[in-house]
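Hi there,

Here is the structure I promised to pass on to you. Please have a look at it first, and then read on for my notes.

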Amino acid sequence: MPQIPEKIHELTVGQLAARSGAAVSALHFYESKGLISSRRTSGNQRRYSRDTLRRVAFVRAAQRVGIPLATIREALAQLPEERTPDRDDWARLSHAWRAGLDERIQRLGRLRDHLTDCIGCGCLSLRTCVLSNPDDVFGDRLTGSRLLPERRSAASPSAD
């Protein structure tokens, strides 16, 4: 990993990419989404402050656990500019994401445990289909493979 001398306070996009492990295109994308920022030199080249390394690490760690970029942007917006997210920031923000992650883990566990039972069955209202039809909510009202709500027939009275 290339070392950046302490006296250098700004990084080029190439240096930031090399140090963070993120592709240059990813850094440009993060910037376009407001996750990181740069200043432009007189030659219109991007320069990133050193704290951007920590912000990129924060973004990538949050992405790895499935946090959407919009949520990450909201979290980073809570931090003062020009300050790297620290351990306390991560603890506070990750605590707020915990319930959503727990729910996602539960859904993924159900998918893993029942994937072979459901794929190719052709009927999404079987009582055993816990993926597309948990608790057989469609089977109580309809028969066959249906995920669309029931349509009222022209003869049925309107509830207007």
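The protein chain holds five helices and three strands; helices here are DSSP runs of H or I with at least four residues, strands are runs of E with at least two, and both are numbered from the N terminus. Read from the N terminus, the order of elements is β-α-α-β-β-α-α-α. Before the details, please note that this is a predicted model, in which local features need pLDDT of at least 70 and side-chain atom pairs count only at pLDDT 80 or more, while totals for chains, interfaces and linings use all residues. Residues are numbered from 1 along each chain as its sequence is written, and side-chain values use heavy atoms, with hydrogens and water left out.

First, the chain as a whole. Of its 160 residues, 28% are buried (buried is under 20% relative accessible area, exposed is over 50%, and partly exposed lies in between, with a 1.4 Å probe and protein chains only). The accessible surface is about 11000 Å², and carbon and sulfur atoms account for 52% of that (Shrake-Rupley method, 1.4 Å probe; for residues, only the protein chains shown count as cover). Taking contacts (heavy atoms within 4.5 Å) between residues at least 6 apart in sequence, 43% join residues at least 24 apart.

Now to helix 1, residues 13–20, where Val13, Leu16, Ala17 and Ser20 are buried. These residues are on the same side of helix 1 because they cover an arc of only 100° around the axis; the arc is that of the directions from the helix axis to the C-beta atoms. The buried residues of helix 1 pack against strand 1 (10–11), helix 2 (24–32), strand 3 (46–49) and helix 3 (51–64). After helix 1 comes Gly21, with a positive phi near 85°.

Helix 2 has Leu27, Tyr30 and Glu31 as its buried residues. They too span an arc of only 100° around the axis, so they sit on the same side of helix 2. Exposed Ser25 and Ser32 are on the face turned away from that buried side. Packing partners for the buried residues of helix 2 are helix 1, strand 3 and helix 3.

Which residue does the side chain of Glu31 meet in a polar contact? The partner is the side chain of Ser38, at 2.5 Å (a polar contact is a pair of N or O atoms within 3.5 Å; within protein, one must be able to donate a hydrogen and the other to accept it, and residues adjacent in sequence count only if both atoms are side-chain atoms). Glu31 has a relative accessible area of 19%, so it counts as buried. Beyond its neighbours within four places in sequence, Glu31 is in contact with Ile36, Ser37, Ser38, Arg46 and Tyr48.

Just after helix 2, Gly34 has a positive phi of about 80°. Glu74 belongs to helix 4 (residues 69–77) and is exposed, with a relative accessible area of 53%.

One more backbone point: most residues other than glycine have a negative phi. Asn44, not a glycine, has a positive phi of about 65°, and lies in the loop between strand 2 (39–40) and strand 3.

Finally, Leu108 is in helix 5 (residues 87–118) and is partly exposed at 47% relative accessibility.

Best wishes
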